[in-house]
Amino acid sequence: MRTLKISLLVFILSITISAQWYQQNSGTNNELRTINFFNNNFGCVGGWNTLLKCEDVGTTWEQISIDDSLYIFSIDLISSTTGWFVAFKEEYSLIYKTTNSGNSWFLQYTSIHASGLSYIHFIDENIGWCVGSGSLGAGYAIKTTNGGDTWVRIFIDPPNYYSLESVFFLDSNTGWVVGNKIYKTTDGGNSWVSQFDFMGEIVSAIQFVNSNIGWAGGYKWGGNEIFKTTNGGVTWLQQSTINVNWFNFTDQLNGWSISNNIIYNTTNGGTNWSIQNSNTSNNLYQIVFVDQNNGWTVGNNGTIIYTPNGGIPVELISFTTTANVNEIILNWSTATETNNSGFEIHKKALSFGEGLGEAWNKIGFVPGHGTTTETQHYSFTDNDVKPGKYQYKLKQIDYDGTFEYSQIVEVEIPFVNKFSLSQNYPNPFNPSTSMLYTIGSRQFVTLKVYDLLGREIATLVNEEKPAGEYEVEFDGANLLPKGSLTSGIYFYQLKAGEYSETRKMVLLR
């Protein structure tokens, strides 16, 4: 069937219509301070009197028994079985180790400090570092080369009366520590060079993705800017004025940072940052990604939130309508989706006779693709239409029931007020031809073919039709049981209500 098409294309570019991060059930209301994952499955979370582990991307978190009043500051997992955490209890700094995927932990190191060790980082299963502050508040670092069985004190800068907040090593020789200054070593910690002074401010995080490119910034209880180096720390430039508590980069371009309850994302190495919806009002303290898609962050009141695709939401990149006389076709595409259950299609009639000012009505549902970073295409056809104006919008629904609406598109079907029967094409024909007719209102329609003697050869249409333009094919070789037609002149006649018209056509064999 051929129909009259009135096309209205409405492009909506980069429209976000879904939440980006999703709450996971931690099973506790305690403050959660640190999180680390070895891979998509094995991860641990620590905080005030709380240690959790998971083996299913955080779908379920298991409480692990620990000493009462233990405050876990930092966790590092080096394999699917082995990891460490550093904690503080009363006047003691404590380091614990697991060798059975976090099911149990044993004490490896105990020391009395006024403030305590607060960050732990391992290069492999043998070499590790832990930093914090000593009894006088001065920066303090210890190192192990046997998996934590023994630790030795490393002196960095005795006049520095500020704690060291974080440590990062690329290999056994090259590494950095950060507090109120940045220090670098190229000989495994035997000697250190001061690279940058934050002029009294204390910075909590430092990370490098290669020997040249790295970032430093943030503070767990306040928030500081992010600084970047592209020459291994020789020079550092302030990159962003946003205050951050913590950050994590997966490569030279893609990174995430947190500030209070806000999550930021960069895709150009930190030059620009965009806000992602954290779906929480609780303060967040640490964020970690195992790849460009899977990330977690933790905070107050037992908050654990997770993204399976880098925090990118369901992103609608196009929404188009094509209006025919008898139907309206909706087409839309998404660039990415996260936990997308699907789309409800909502319709509103605007300005024609009956139905003027109708409310929005749900007219259909199209299932989504769950979570995907590939472009997806969708279509829905509304057959319940007549001449007039309509509006449509999409209600995108997540698996957890949350939803967002798209922008509205509007389309009009014009009134068709004429009746006509066009000349068949091709003419002459062999063995088939097409006939086009238009009716201006709903009518009972017949379209029949006759020979020169007026005998009926075929009935092509015999039913009620709404207003519109239609195309019908007639095949002179497919008239069983009557058989094929011979060459000659034939007539076709359209009747619709009081309208009637007859035209001649020629079959040549």
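Q: How much space lies in the largest pocket?
A: The largest pocket holds about 700 Å³. It is lined by 31 residues, and those closest to its centre are Asn36, Asp76, Phe168, Asn248 and Val288. Bear in mind that this is a predicted model: local features need pLDDT of at least 70, side-chain atom pairs count only at pLDDT 80 or more, and totals for chains, interfaces and linings use all residues. Residues are numbered from 1 along each chain as its sequence is written, and side-chain values use heavy atoms, with hydrogens and water left out.

Q: What makes something a pocket rather than a cavity here?
A: On a 1 Å grid over the protein atoms alone, a cavity is a set of points where a 1.4 Å probe fits but cannot get out, while a pocket is an open set with protein on both sides within 12 Å along at least five of seven lines; lining residues have an atom within 4 Å of a point.

Q: Which strands each supply at least two residues of the lining of the largest pocket?
A: Strand 4 (32–37), strand 8 (71–77), strand 12 (116–122), strand 16 (166–169), strand 20 (205–208), strand 24 (246–249) and strand 28 (284–289) do. By class, that lining has 21 nonpolar, nine polar and one charged residues.

Q: What is the volume of the second largest pocket, and which residues are closest to its centre?
A: The second largest pocket comes to about 280 Å³. Among its 22 lining residues, Asn265, Thr267, Gln276, Gly310 and Ile312 are the closest to the centre. Strand 27 gives the largest share of this lining, three residues. By class, the lining splits into five nonpolar, 16 polar and one charged.

Q: How do you know that Glu31 and Arg33 meet in a salt bridge?
A: Look at the N to O distance, which is 3.0 Å. A search of the whole structure turns up ten salt bridges.

Q: What makes Glu463 and Lys465 a salt bridge, and is each residue buried or partly exposed?
A: Their closest N and O atoms are 3.2 Å apart, so the pair passes the salt-bridge rule. Glu463 is partly exposed because its relative accessibility is 39%. Lys465 is buried because its relative accessible area is 15%.

Q: How do Glu501 and Arg503 meet?
A: Their side chains form a salt bridge, at 3.5 Å from N to O. Glu501, with a relative accessible area of 23%, is partly exposed, and Arg503, at 28%, is partly exposed.

Q: How many disulfides does the rule find?
A: The count is zero. A disulfide is a pair of cysteine sulfur atoms within 2.5 Å. The sulfur of Cys44 has its closest cysteine sulfur in Cys54, 7.6 Å away, so that gap is too far for a bond.

Q: Is Cys44 buried or exposed, and what about Cys130?
A: Cys44 has a relative accessible area of 0%, so it is buried. Cys130 is buried too, because its value is 0%.

Key:
Grid points are joined across faces, edges and corners, and a volume is the space filled by probe spheres set on the points. Helices (H or I, at least four residues) and strands (E, at least two) are DSSP runs, numbered from the N terminus. Ala, Val, Leu, Ile, Met, Phe, Trp, Tyr, Cys and Pro count as nonpolar, Asp, Glu, Lys and Arg as charged, and the others, Gly among them, as polar. A salt bridge is a side-chain nitrogen of Lys or Arg within 4 Å of a carboxyl oxygen of Asp or Glu. Buried means under 20% relative accessible area, exposed over 50%, partly exposed in between (1.4 Å probe, protein chains only).
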